[in-house]
Amino acid sequence: MWRLTIQGPGLRMEVYLTPGQTYRIGRAHDNQIVVPDPTVSRYHATVQALADRVVLRDLDSKNGTFVNGRRIQGEVEVFGVEDIRLGRVIFLLERVPTSAMASMDQVATPSAQELGALCQEVLQGFQADRQLAEDLYIEWQVSAREDPERTVRKTLQVCIQRGFIRRVTVLRQTPQGMPTVLLDTGLEPPPIDLQEWALQVAAAAPRVQWRLTEDPFGVLAVPLTAQSVALIWTETARLGNPAFRSLLSVVFWIVRWWDAHAGVKRPPSAHWAAWAPFPFWGFSVPVYRLIRQAIAVAPLSTPVAIVGPPGSGKTTLAGWLHELSRPRGAFRVCHMDRPDDPYRASFQEPAGPTPSLWWPLHQGTVVIRGVHECPSDVQDRLADWITNPRVTLEGIEQRLDIRWILVSPDDLDRVGTGRRPLSDRLTNLFSQHVLTVPALAERREDLPYLANYLVQQISQGRWLGVSESALTRMLAYAWPGNVRELRHVIEQAVQAAQDCAGPVTPFLQESHVAPFLGRP
């Protein structure tokens, strides 16, 4: 195996080259090795790793590829001692033993008693990313002994959200020889050929194997037993990062634990939404059901209604649906309860909606809020516009492609209680897909994750979370304002802790939090 160290102004990275693989180097994001330097062409060169040498080929780059000071034409063979330069970027090639990669699977599976020592080891390995270490440390200290399965899932969630890994899958071979998915953080099952390759790795060679998938990502196959294997997707450039290697020891322990406890109770689907935005973190049944429904309706173009109590995150969920389905389009929130909102005002114009106002929203998403406060004639015009959104530009009629999302604090069959009723046409348009956001009181088991995250974010890492006594007090509170109220309480509690002259502790105490519960 070969290690390629890349050095340049503000740039240092290591890439491991697997014999038999060809890697394209350049500035473009679809290269296997991306070098963000202006002196490197979009597609600059390729390297093919062989057992005893590396073949370097220039792709007619503008600034050239140089070996020992000479610009090469076509391809040359290098053996690890040459001075290689692409533009002003230096490439150092070095042969390393295969055991450098294979040894990563020799990490012993720690027992529950060794968890504290593992925490300290990770804290030392993640000095460059203190926030990640603190996230993991809090999770392990608070709930590892009480609910280790939740700890496994939360740790993977943190690792994925922080960008160290992209996806984790645990596979096991059935007695009939077919692969089955025990855990998967991806939207779709892995390709069958990838599953079969991974299980062959587990059966044939008890060591880590690396395989490129889609640029610039690859997958590590980590054998757990002769019949089970873990797949860990990550960027190729991360393989030489010391912090990433420290993380791998943690992930290996996590997936080994999961494989050994595959009989524990878990949601019926192997897929798990680790990519959901705040405040939809945690593993309560209502949140799990909501995320699965949101993923199912995201690719559809039909209107969607999001209902739930105030402050529960309905607009955030609408924004996430937009990111999943139309990330390149515009995202607008239309406040139909405000007469001065330009989008509402356009429905009351004699000529109809203004083309210059609505055309930029083509292939985008429009979120409608406060529609129950609109007069019936405005609701009828809105229904007409949703059904047939057409504008005329320079004499040419165009139909707009817009994703419509209705946000309401009431269920559709109760919208208008104490307000103007929602028209039957709008109810029929949005009743096909309805997502119900649970109140915070219905997902109390998620409160520790949300509270600890907010404490760290608001205090900028000064406090790690809330103490057990403070958490007990918070769990007993009704939270009528939901996540919005939770954020408000944490903001005031952090400010109170900063003003306190007492001893500094890593967690907010009950005395910091209690005075603000129930306060407007």
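This is a predicted model: local features need pLDDT of at least 70, side-chain atom pairs count only at pLDDT 80 or more; totals for chains, interfaces and linings use all residues.

Biologist: Okay, how far does α15 reach from its first C-alpha to its last?

Modeller: α15 covers residues 482-499, which is 18 residues. The reach is 26 Å, close to the 26 Å expected.

Biologist: Which residues of α15 are buried?

Modeller: Asn482, Val483, Glu485, Leu486, Val489, Ile490, Gln492, Ala493, Val494 and Ala497.

Biologist: And what covers those buried residues of α15?

Modeller: The cover includes three helices, α13 (447-459), α14 (468-475) and α16 (510-513). It also includes the strands β24 (465-466) and β25 (507-508).

Biologist: Switching to α7 and α8. At what angle do they pack?

Modeller: About 40°, with the axes 9 Å apart. α7 is residues 285-297 and α8 is residues 314-325. Angles under 35 degrees would count as roughly parallel, so α7 and α8 are oblique to each other.

Biologist: Is the crossing left-handed or right-handed?

Modeller: Right-handed, as α7 passes α8.

Biologist: Which residues meet there?

Modeller: From α7, Leu290, Ile291, Ala294, Ile295 and Val297. They meet Leu317, Trp320 and Leu321 of α8. By class, that contact has 8 nonpolar residues, no polar and no charged ones.

Biologist: New topic: where is Ser41?

Modeller: In the loop between β4 (33-34) and β5 (45-49).

Biologist: Why does Ser41 count as buried?

Modeller: Because its relative accessibility is 13%, and the cut-off for buried is under 20%.

Biologist: What does Ser41 touch?

Modeller: Gly26, Arg27, Ser61 and Lys62, leaving out residues up to four places away in sequence.

Note on methods: Residues are numbered from 1 along each chain as its sequence is written. Side-chain values use heavy atoms; hydrogens and water are left out. Axes are lines fitted to C-alpha atoms, for helices over the stretch in contact, and angles run from 0 to 180 degrees between N-to-C directions. Helices (H or I, at least four residues) and strands (E, at least two) are DSSP runs, numbered from the N terminus. Angles under 35 degrees count as roughly parallel, over 145 as roughly antiparallel, 65 to 115 as roughly perpendicular and the rest as oblique. A crossing is left-handed if the near helix is turned anticlockwise from the far one by less than a right angle, and right-handed if clockwise. Contact means heavy atoms within 4.5 Å. Ala, Val, Leu, Ile, Met, Phe, Trp, Tyr, Cys and Pro count as nonpolar, Asp, Glu, Lys and Arg as charged, and the others, Gly among them, as polar. The expected span of a helix is 1.5 Å times one less than its number of residues. Buried means under 20% relative accessible area, exposed over 50%, partly exposed in between (1.4 Å probe, protein chains only).
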